[in-house]
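Look at the structure below and follow the chain from one end to the other.

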Amino acid sequence: MQGVDGKRVTGDQNLLVPVRCFTCGAPLGDIWYEYQKRVSNGEDPGKVLDDLGVKRYCCRRTLLSAVPYLDELSAYTHIVTLRKYKLENRRW
Ligand SMILES: [Zn+2]
């Protein structure tokens, strides 16, 4: 499935809103649309989270790794895999 900008899109982005933090259970659904709107307008995600009062790392992680952003994050998966491979095969 192709998104508006030509990038691959995983599923319907509106269906998988993180309602609560997966770790601490803090409600995040009420700030999701505001966060997504501001980030899509080009604002820095970290500053938006600060403005919205999301201070805990677990809550920030939940929003930053939500399904609409998986395709962007997966671009870095090969780097992590390569580093892991190098570490596992390191000879002492
Ligand atoms: Zn949390």
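Glu43 sits in the loop that joins helix H1 (29-40) to helix H2 (45-51). This is a predicted model. Glu43 is partly exposed, because 13 other C-beta atoms lie within 10 Å, while a buried residue needs 20 or more. Set aside the neighbours within four places in sequence, and Glu43 is in contact with Arg38 and Val48.

Now step back to the whole chain. The protein has 5 helices and 0 strands. Along the sequence the pattern reads α-α-α-α-α. Of the 92 residues, 8% are buried. Consider next the contacts with a separation of 6 or more. Residues 24 or more positions apart account for 48% of them.

How far can the model be trusted? The average pLDDT is 78, and 72% of the residues score at least 70. Confidence is highest in H2, at 93, and lowest in helix H4 (residues 70-74), at a mean of 65. Where pLDDT is low, the predicted coordinates should not be read in detail.

Take H1 next. Its 12 residues should span 16 Å at 1.5 Å a residue; the end C-alpha atoms are 17 Å apart, so the two values agree. H1 is hardly covered, with a count of 1 buried residue among its 12. Compare helix H5 (residues 77-88). H5 also has 12 residues, which should span 16 Å, and its end C-alpha atoms are 16 Å apart, which agrees. H5 is hardly covered as well: its count of buried residues is 0.

Helix H2 holds Leu49. Why does Leu49 count as buried? Because 20 other C-beta atoms lie within 10 Å of its own, and the cut-off for buried is 20 or more. Beyond its neighbours within four places in sequence, Leu49 is in contact with Val54, Arg60 and Leu63. Leu49 and Cys59 are 10 residues apart along the chain, and their C-alpha atoms are separated by 9.4 Å.

Which residues of H3 (residues 57-64) are buried? They are Cys59, Thr62 and Leu63. These residues lie on the same side of H3, because they cover an arc of only 95° around the axis. An α-helix has 3.6 residues a turn, so residues three or four places apart point the same way. The cover over the buried residues of H3 includes H1 and H2.

H3 also contains Arg61. Arg61 is partly exposed, because 13 other C-beta atoms lie within 10 Å. Arg61 and Cys21 are 40 residues apart in sequence, yet 8.6 Å apart in space, C-alpha to C-alpha.

In soluble globular proteins, nonpolar side chains tend to be buried together. Here the largest nonpolar core has 6 residues in all: Leu28, Tyr35, Leu49, Val54, Cys59 and Leu63. Several of these names have come up before. Leu49 lies in H2, and Cys59 and Leu63 are among the buried residues of H3.

Technical notes: Residues are numbered from 1 along each chain as its sequence is written. This is a predicted model: local features need pLDDT of at least 70, side-chain atom pairs count only at pLDDT 80 or more; totals for chains, interfaces and linings use all residues. Helices (H or I, at least four residues) and strands (E, at least two) are DSSP runs, numbered from the N terminus. Two residues are in contact if their C-beta atoms, placed from the backbone, lie within 7 Å. The arc is that of the directions from the helix axis to the C-beta atoms. A nonpolar core is a set of buried Ala, Val, Leu, Ile, Met, Phe, Trp, Tyr and Cys residues joined through C-beta atoms within 7 Å. The expected span of a helix is 1.5 Å times one less than its number of residues. pLDDT is the predictor's confidence in each residue, from 0 to 100.
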